[in-house]
Amino acid sequence: MAEPERKPVKRVERVVFDWEKNYVPKVQTEPPLPASDFARDHVPNDYVYDGLDTPRVVAARAKRPSVETSQFADLRTTWTQKPDTYPAGFPYFVRGRDSVRSYISELFQTRITMYDGAMGTMIQKHKLEEDAFRAERFKDWDMLIKGNNDLLSISQPAIIKGIYEKYLVDGGSQLIGTNTFSSTTIAQADYKMESLVYELNYDSARLAREICDEVTAKDPTKPRFVVGAIGPTNRTASISPDVNDPTTRNCTFDELVEAYYEQCVGLVDGGADILIVETIFDTLNAKAAVYAVNEFLEDAKVDIPLFISGTLVDASGRTLSGQTGEGFYASIRH
């Protein structure tokens, strides 16, 4: 049987819009900017958070421990430095005087820069047992807590600070991630430690803040930055945990936003310079995290850069929720 005759395809000229005709390409010197005036104008963050009194910030801070319980002598939330702490201009940086966004944009274009903070692998080298995770404070906890690595920022702060220092000094990293991969109410529910979320984030960020400042003081031409790590949680908003019911979800978008917002408060109060949504395998979780971060920055009226790290789970080059790297970026860039 003869194949039917194919009619020629009529070619349609692509419409050229006015903005394309008049478009003048420009060299991109920084990532796309958030919508806030603080980010677009590169307004330096003053690192003064004492006056934040929006309802969600107040609710998050209601969980912070007393000074008697905390490992720190105070629970300060101001991290600004005197303007003359270090000389003006790159490569020097002073909190409250200089814009983190402007600084890292120049840094990434002029120097090879390392970010590190893989806490789990470093913690495993210490071969800690149950009693080390508990320490004195959690000795009577009513369930096993070994494996809750984020808790070590409270129960074994010297170990966590030592890991930070190795990344900074031995590894040469200029940016380090905090030990907060699972420091959300959703993830900590596995250990019945939801009430510790603010403290976990605050303590981890503050330990990193302290060691970063100590190392920076030895070489101010290479300032160190604290990157507050926001993990994916152990639940997924777009994939069903039940193979028999694809409509099932074990968390909602709003629940994720609430958990991530609370984490942001603790990280920033503890002195984080930058935030990173890391190891994302579910795009909807990432969108919830980005939304929460933007909500917090709008409430705080500051500019804090946000990094995003996605995870490609196999050789297909896709995330667990099925997107390529390009598709993942397109889904969250707005």
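## Contacts around Phe253

Contact here means heavy atoms within 4.5 Å. In this predicted model, Phe253 touches Leu284, Lys287, Ala288 and Tyr291, when residues up to four places away in sequence are not counted. Phe253 has its place in helix α11, which covers residues 253-269; helices (H or I, at least four residues) and strands (E, at least two) are DSSP runs, numbered from the N terminus. With a relative accessible area of 29%, Phe253 is partly exposed, a class that lies between buried, under 20% relative accessible area, and exposed, over 50% (1.4 Å probe, protein chains only). Phe253 and Phe281 are 28 residues apart along the chain, and their C-alpha atoms are separated by 15 Å.

Residues are numbered from 1 along each chain as its sequence is written. Because the model is predicted, local features need pLDDT of at least 70 and side-chain atom pairs count only at pLDDT 80 or more, while totals for chains, interfaces and linings use all residues, and side-chain values use heavy atoms, with hydrogens and water left out.

## The chain as a whole

The chain holds 13 helices and five strands, and its C-alpha atoms fill a box of roughly 85 × 60 × 40 Å, taken along the principal axes. Of its 334 residues, 45% count as buried. Among the contacts in the chain with a separation of 6 or more, 73% are accounted for by residues 24 or more positions apart.

## The nonpolar core

A nonpolar core is a set of buried Ala, Val, Leu, Ile, Met, Phe, Trp, Tyr and Cys residues joined through side-chain atoms within 4.5 Å. The largest nonpolar core has 79 residues, of which Leu151, Tyr164, Ile274, Leu275 and Phe296 touch the most other members. Leu151, leaving out residues up to four places away in sequence, touches Phe133, Phe138, Ile145, Met193, Leu196 and Leu200. In soluble globular proteins, nonpolar side chains tend to be buried together.

## Helix α8 and what covers it

Helix α8 runs over residues 157-170, and its 14 residues should span 20 Å at 1.5 Å a residue, which agrees with the 19 Å between its end C-alpha atoms; the expected span of a helix is 1.5 Å times one less than its number of residues. The buried residues of α8 are Ile159, Ile160, Ile163, Tyr164, Tyr167 and Leu168. An α-helix has 3.6 residues a turn, so residues three or four places apart point the same way.

The cover over the buried residues of α8 includes β1 (115-116), α5 (119-124), α7 (152-155), β2 (175-177) and α10 (197-218). Just after α8, Gly172 takes a positive phi of about 75°.

## Two helix pairs

The axes of α10 and α11 come within 7 Å and cross at roughly 35°, where axes are lines fitted to C-alpha atoms, for helices over the stretch in contact, and angles run from 0 to 180 degrees between N-to-C directions. The crossing of α10 and α11 is right-handed; a crossing is right-handed if the near helix is turned clockwise from the far one by less than a right angle, and left-handed if anticlockwise. From α10, Val197, Tyr198, Asn201, Tyr202 and Ala205 meet Glu262, Gln263, Val265, Gly266, Leu267 and Asp269 of α11. The residues of this contact divide into six nonpolar, three polar and two charged, where Ala, Val, Leu, Ile, Met, Phe, Trp, Tyr, Cys and Pro count as nonpolar, Asp, Glu, Lys and Arg as charged, and the others, Gly among them, as polar. Glu262, in helix α11, is buried with a relative accessible area of 9%, and beyond its neighbours within four places in sequence Glu262 is in contact with Ala60, Lys63, Thr185 and Val197.

Helix α12 (residues 283-300) and helix α13 (residues 325-332) pack at an angle of about 35°, and their axes are 10 Å apart. Their crossing is right-handed, and in it Thr283, Ala286 and Lys287 of α12 meet Phe328, Ser331 and Ile332 of α13.

## Backbone details

The peptide bond from Phe90 to Pro91 is cis, with omega near 15°, and Pro91 lies in the loop between α3 (55-61) and α4 (100-110).

Although Tyr47 is not a glycine, its phi is positive, at about 55°. Tyr47 lies in the loop between α2 (37-40) and α3 and counts as buried, at 0% relative accessibility. Thr279, found in strand β4 (residues 274-280), also has a positive phi, near 55°, but Thr279 is partly exposed, with a relative accessible area of 29%.
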